[in-house]
Amino acid sequence: MTDGSNEQQERERVLLNLEELADSLQSTALPAFLDPLLSTDLTVRQLKVLTVLVTAEEGATGRGLSESFGVSMASMSGLIDRLVAQGVAVRSEDPLDARVRRVKATPLGRTVVRRLVAGRPELNVDILARLSIEDLRALEQGMRAVHAEVNRLV
């Protein structure tokens with residue numbers, strides 16, 4: 001066998017191990033991941049709209065949201081009212097057109113979405129603090145590599 005073949009076999013073995021570990025971690029961490037979702041007062045539709053607002057840097061308009069979600073303006077306006085009342089979204093005047101109201105996620109709204117959607121209970125500081133410095137360094141290197149690759153693709 002050549003070195004390239006050995007390296008490819010090792011790569012496949014490591015990738016398979018990582019996939020199995022990720023599946024196991026997801027199963028183990030599921031209760032901790034679900035806790036914020038089960039304790040939120042947001043409906044599924046509100047959470048979907050809030051997620052769009054968090055990912056839209058300039059915010060969105062009620063009309064744009066109603067079209068995106070296939071609901072009437074009246075329904076979307078009521079939904080936005082409830083998000084604003086919960087402090088996770090805010091309405092503001094569009095800087096380019098005073099007739100248009102933009103809806104943006106508040107810092108609280110961003111935190112809620114991050115906790116619900118992007119939360120990684122297995123990377124909790126209490127768990128990480130128990131790792132050896134060697135394991136922490138290896139994890140940091142791996143996370144930096146994954147972060148760089150994700151940024152390259154986006």
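Does Ser66, at 4% relative accessibility, count as buried or exposed, and what decides which? Ser66 counts as buried, because its relative accessibility is 4%, and buried means under 20% relative accessible area, exposed over 50% and partly exposed in between (1.4 Å probe, protein chains only). Ser66 is found in helix H3 (residues 62-69); helices here are DSSP runs (H or I, at least four residues), strands likewise (E, at least two), numbered from the N terminus. Leaving aside residues up to four places away in sequence, Ser66 touches Val71, Ser72, Met73 and Met76, where contact means heavy atoms within 4.5 Å.

A word on where these values come from. The model is predicted, so local features need pLDDT of at least 70 and side-chain atom pairs count only at pLDDT 80 or more, while totals for chains, interfaces and linings use all residues. Residues are numbered from 1 along each chain as its sequence is written, and side-chain values use heavy atoms, with hydrogens and water left out.

Next up is helix H2 (residues 44-55). Its twelve residues, at 1.5 Å a residue, should span 16 Å, and its end C-alpha atoms are 17 Å apart, which agrees; the expected span is 1.5 Å times one less than the number of residues. Gln46, Leu47, Val49, Leu50 and Leu53 of H2 are buried. They cover an arc of only 165 degrees around the axis, which puts them on the same side of H2 (the arc is that of the directions from the helix axis to the C-beta atoms). Over on the other side of H2, Val44 and Thr55 are exposed.

H2 also meets helix H4 (residues 73-85): their axes come within 10 Å and cross at roughly 80 degrees. Axes are lines fitted to C-alpha atoms, for helices over the stretch in contact, and angles run from 0 to 180 degrees between N-to-C directions. H2 and H4 are therefore roughly perpendicular to each other, as angles under 35 degrees count as roughly parallel, over 145 as roughly antiparallel, 65 to 115 as roughly perpendicular and the rest as oblique. Arg45, Gln46, Val49, Leu50 and Leu53 of H2 make the contact with Met76, Leu79, Arg82 and Leu83 of H4.

Not counting residues up to four places away in sequence, Val49 touches Leu65, Phe69, Met76, Leu79 and Leu83. The C-alpha atoms of Val49 and Ala89 are separated by 9.9 Å, with the two residues 40 residues apart along the chain.
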